[in-house]
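Read it alongside the model.

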Amino acid sequence: MESFLTELRRRNVLRLAATYALVAWILIEAGSVLLPTFGVPDWFFRAYVIVIFAGFLASLVLAWIFEITPDGVKLESEVDRKTQPKRDRSRSNAIIIALLAVALGVSITFNVTGIRGQDEAAAEAGTIMDSIAVLPFTSRSSDPDNQFFADGIHDDLLTRLADIDSLRVISRTSVNEYRNTSKNLREIGAELGVDTVVEGAVQRSGSQVRISVQLINAATDEHIWAEVYDRELTVGNIFDIQSEISSQIAFALQAALTPEEELRLAAMPTQSIEAFSLYSAARNNLYLRRYETIQEARRQFQAAIELDPNYAQAHAGLAEAIIVTYTNHAALAAGEAFALTAESVERALELDPQLADAHAVKGLLLYEQWKVARVDDKNRQAAQWFESAIALNPNLASSYVWFASLRESEGATDDAIRLLDKALHIDPLGRIPYINLPVNYAVKGENLEAMELLLRAMEIFPDWPSPYTALTDHLHGLGRFDEAIAWMTLARTMTDDPMLERSVLGAYIEFGDSERMDAFTGQFGPDHPIYPIGATYHHFMNSDYKAAIETFEDTQLMSEVQAQFAFPVIAMSALKLEDYETARRYLLLGNPLLASDTDLSVDRYNLHSAILLAYINRQTGQERQASELLSMASRVVREVPRLGVAGHGISDVHIFVIQGRHEDALSALRAAIDEGFVSLMAHDYWTIDQDLLLDPLRGDPRFEAMRLEMHEKVEIMRNNVRRATETGDWSELRDRVRNQVVTTASL
């Protein structure tokens, strides 16, 4: 054995083995950390290690067989040891010592500094950790105003991470629900469905700022990465820190970054700390989606732009605040809203053509313009902008939400639901899907599912008025007027939005409550789009149809008043006066699709106007046009539910009457009442007693009996509202929905 070891030393096999082992150690240590960074699969690393070990065995065999001499590489058997010079082993010893030092250095770097620990911790939660929630940052400064600054740091970091395509980043609306929460990180991670959670704190003192950030495994509560940044308070330093944090988190989660993502991570959106703080405060107000907070957000975005006119994100935020003021609260006329939104969003795109938020708002603007006049391809253009927004930032939940609204308006309800589900995957506590999803279920006629979702939204967001107003709309569409008013009364305690009672105007009219009607129309100031038609509504409700038309036309503001509020009332006033041409003119002004000779189209949005236009055509001898409209309307009726917020009411009855099919009309009315129909005011602008389309049925005992039956049901609801108003106790009416949902769920 001794002679064998001596021979190994003589042939330098042992020295080569030691050297190779050190080099192999370095290669394996480095590969175990660096290869996953480039997305290399596990099998490749295993093959990499096998190749290194195979090389070790091959090197030993070669060292035994061959010898390196001054004359080159020779077989061991051919070497004359007597003629070979004596080796200087000090040099090879130095090389081995140097390699040993390098190996130790690599090991210390990967293990002591925690780089290896990051990979191991990430692996504990699963093969890939690709989902993250960035919780609101806390402010450790004594000045309470510095919380806005901390919110800005949080918002910017979240935005940068959301730009990384390989990560699923929970949207700000969801994570903001955990501000000052007492829940632990495991609970939060489970509720949001994420692998990791980021916590942070900001301390601002004079000209210095300290930002502490930690990335935590949501399943084990263990730290994956943490860092503290102490810097001088400059806008450049702030965004540099944000970029560095984003890159470190991406590295820790093994998220491969594209060159475009690296550029966006390094971007500096503004040069002004003050503008940055205002923008952050505005975003928080916009997320709340209340009338008051949206108006405050609009002022803050504008102030940020005044400080930094090149702040692209602020321009996009201002555009969103303007268009949402129009869509959600009707507090801007359509023309003004569209012009102001276009100005802001185009400026945002000019400053940053790749800003996903701006792409999404551009899509929303085109969609809203298409809804007003569906005679061009703005819906297709809107879809393209939504798709580009999603491509730029797959974590931007609003893109999916607004895209879903477009698809629902186009009649693609299932596509809309799919898009809203995607939005909730990114933003589990995002508010808007909890409102829009019930509408889509109502379109499908699944009314109980719609109400159940709205009750769930109230549980999650008890102080947010939108679920309450949405349930009000739906109950009103179901003809459950007393319950609708009960929920509206509760929503009234949460918002100052003057449009709130719009949802129950039909109930007030059916109840003959002119005082409440006058109170509604009288609350709008001169700067509100509804103001010019307040008197028009008053005259219409009091059956003074001539005064309604004259008052409206005297305002000379027709182009600035929303068609959905003004034109139907004027058209119906003209019908009552048998002024068919005036009625036709206003119906077509409000429904451009019905005015087209080549693109004539009827959908659930213009269904009632199409039926009225068919009635006018028949009264004026235009039989072909009337028949065509009625045929198209009949197809829509078969696809639309009768009751609910998306219901058609008794459109089938109207169609049969105009066609002269009175027996079919009476049968359809009976079926509608049995289904729960009680009033035209749930779907139209006049009562069953005012409806001139039903005049051919009047006098028939069967019709009169059904009319009285509906009046009796309305009277019961009127008395329910009177008692609740007198006692202030609306609980019994509100509990009806809760009990219905619970009872159905238990069956």
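## Basis

This is a predicted model: local features need pLDDT of at least 70, side-chain atom pairs count only at pLDDT 80 or more, and totals for chains, interfaces and linings use all residues. Residues are numbered from 1 along each chain as its sequence is written, and side-chain values use heavy atoms, without hydrogens and water.

## Aromatic pairs

The whole structure contains 12 aromatic pairs. Rings of Phe, Tyr and Trp (its six-membered ring) pair if their centres lie within 6.5 Å; planes under 30 degrees apart are stacked, over 60 edge-to-face, the rest tilted. Tyr-279 and Phe-301 have ring centres 5.8 Å apart and planes at 55 degrees, so this pair is tilted. Tyr-279 sits in helix H11 (residues 273-288) and Phe-301 in helix H12 (residues 291-307), 22 residues apart. Helices are DSSP runs (H or I, at least four residues), numbered from the N terminus. Both residues are buried, meaning under 20% relative accessible area with a 1.4 Å probe, protein chains only. Ring pairs link Tyr-279, Phe-301 and Tyr-311 into a cluster.

## Cavities

Seven cavities of 30 Å³ or more are present. A cavity is a set of points, on a 1 Å grid over the protein atoms alone, where a 1.4 Å probe fits but cannot get out; lining residues have an atom within 4 Å of a point. Volume is the space filled by probe spheres set on the points, which are joined across faces, edges and corners.

The largest cavity holds about 430 Å³. Its lining has 29 residues; Thr-173, Tyr-287, Ala-397, Ser-398 and Asp-427 are the closest to its centre. Helix H17 gives the most to this lining, four residues.

Technical notes
Helix = DSSP H or I, 4+ residues; strand = E, 2+ residues; numbered from the N terminus. Buried < 20%, exposed > 50% of the residue type's maximum accessible area, 1.4 Å probe, protein only. 1 Å grid on protein atoms, 1.4 Å probe; cavity = no way out; pocket = protein on both sides within 12 Å on 5 of 7 lines; lining within 4 Å.
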